[in-house]
Amino acid sequence: MTDRKIIPVSHPVLAGNEKRYVLECLETGWISSIGRFISLFEDAFARYCEVPHAIACNNGTTALHLALAGLGTGPGDEVIVPTLTYVATANAVRYCGAQPVFADSEPCTMAIDPARIEERITPRTKGIVVVHLYGHPADMDPILEIARKHGLFVVEDAAEAHGALYRGRKVGSLGNVATFSFYGNKIVTTGEGGMLTTSDPDLSRRIRILRGQGMDPQRRYWFPVVGYNYRMTNIAAAIGLAQMEQIDGFVEKRLEIACHYRRMLESLADFIDLPGEQPWARHAFWSYVVVLRESVRLGRDELMKRLEGDAIETRPVFHCMHVLPPYREPEAHYPVADRISNRGISLPMHGLLTEEDVSYIAERLGYWCQHAGV
């Protein structure tokens, strides 16, 4: 074990007006789900995503639930989702009483493979949830064309992709509705929090009603539908607004760090696959994921333990949904997703990393790829 200070896999950057705005909440008493920072944060996020409507909520999972509920998802429906995703994507479908139907990934983007979607459509299919996994946009044009052809909705799960671009457009502006997470490890954070973006005013109105217990906005304490308590606090929104004032710098810093990684890891091409980036995309690099090749004789999890001994924190890539107990498909075969899930490692990626940190991470990763088991 090294005496070196640990390099965390993620770390928030709270270098702007976060403290000042939170103190205003405390000093004025506006600490709950009413206060000026809610609308300011929503407006700033809508402008950034280039959409007319943004609705803040208390986390990314409830954002997904609100999106699906607002689109009328219910029992008997099927929703196509990538098997390689964080579990919240599938869970939100189940919250609606619907069934997630899994599809394989595309190897460069790690997102859902458009070529694998149409074969999963049945008469019960209601929509598609696209996940911009680890910050790279999914290939949206063919997905949207499939959705139009079959009359399906498209939800963008952009929890990990703040600032990513698809053919020059911001993620969050491409489907019927998009959802974002502001958990502490995200590019923009409020500690816990979420946001929905849409260009559909009717959908925005329905989501706002569902977010606030189903109360009629024109008649206080009158509840025409069953809703949820998914509101964001003014304190969280205050942090979020301060974060939005810095978002361009956050994105640029991650792109800079990704460039350092690529330059320092390209000599390991015989051992690892580096993150891909399609020419039509700008990767947001929420995480920097490398996939071990078979030439690496050390197992993925054991290699991560060796890096931990070098004071480098890492994370495994998410388990595929089809191997988890609630969604298990024993006979399923999703070869691309399975390989990425079983061999992928998330390296440290956050705004406090230095070029020296990246150099050290690259050196130690290279050592264990080449020398383990020798």
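**Exercise 1.** In what sense do strand S2 and S3 pair, and over how many bridges?

*Solution.* Start with the ground rules. This is a predicted model, where local features need pLDDT of at least 70, side-chain atom pairs count only at pLDDT 80 or more, and totals for chains, interfaces and linings use all residues. Residues are numbered from 1 along each chain as its sequence is written, and side-chain values use heavy atoms, without hydrogens and water. Strands (E, at least two residues) and helices (H or I, at least four) are DSSP runs, numbered from the N terminus. Strands pair if DSSP finds at least two bridges between them. Now find S2 at residues 78-82. S2 and S3 pair in the parallel sense, over five bridges. Val79 has Pro100 in S3 as its bridge partner.

**Exercise 2.** Place the strands in their sheet, and find its edges.

*Solution.* Seven strands form an open sheet with mixed pairing. Their order is S1-S9-S8-S5-S4-S2-S3. The edge strands, S1 (53-57) and S3 (99-103), each pair on one side only. Neighbouring strands are turned by 25° against each other on average, direction ignored.

**Exercise 3.** Which strands does helix H4 touch?

*Solution.* Contact means heavy atoms within 4.5 Å. Helix H4 (residues 87-95) packs on the sheet and touches S2, S3, S4 (125-131) and S5 (153-157). Angles run from 0 to 180 degrees between N-to-C directions, with axes fitted to C-alpha atoms, for helices over the stretch in contact. The direction of H4 makes about 150° with that of S3. Helix H5 (residues 140-150) lies across S4 and S5, at about 150° to S5.
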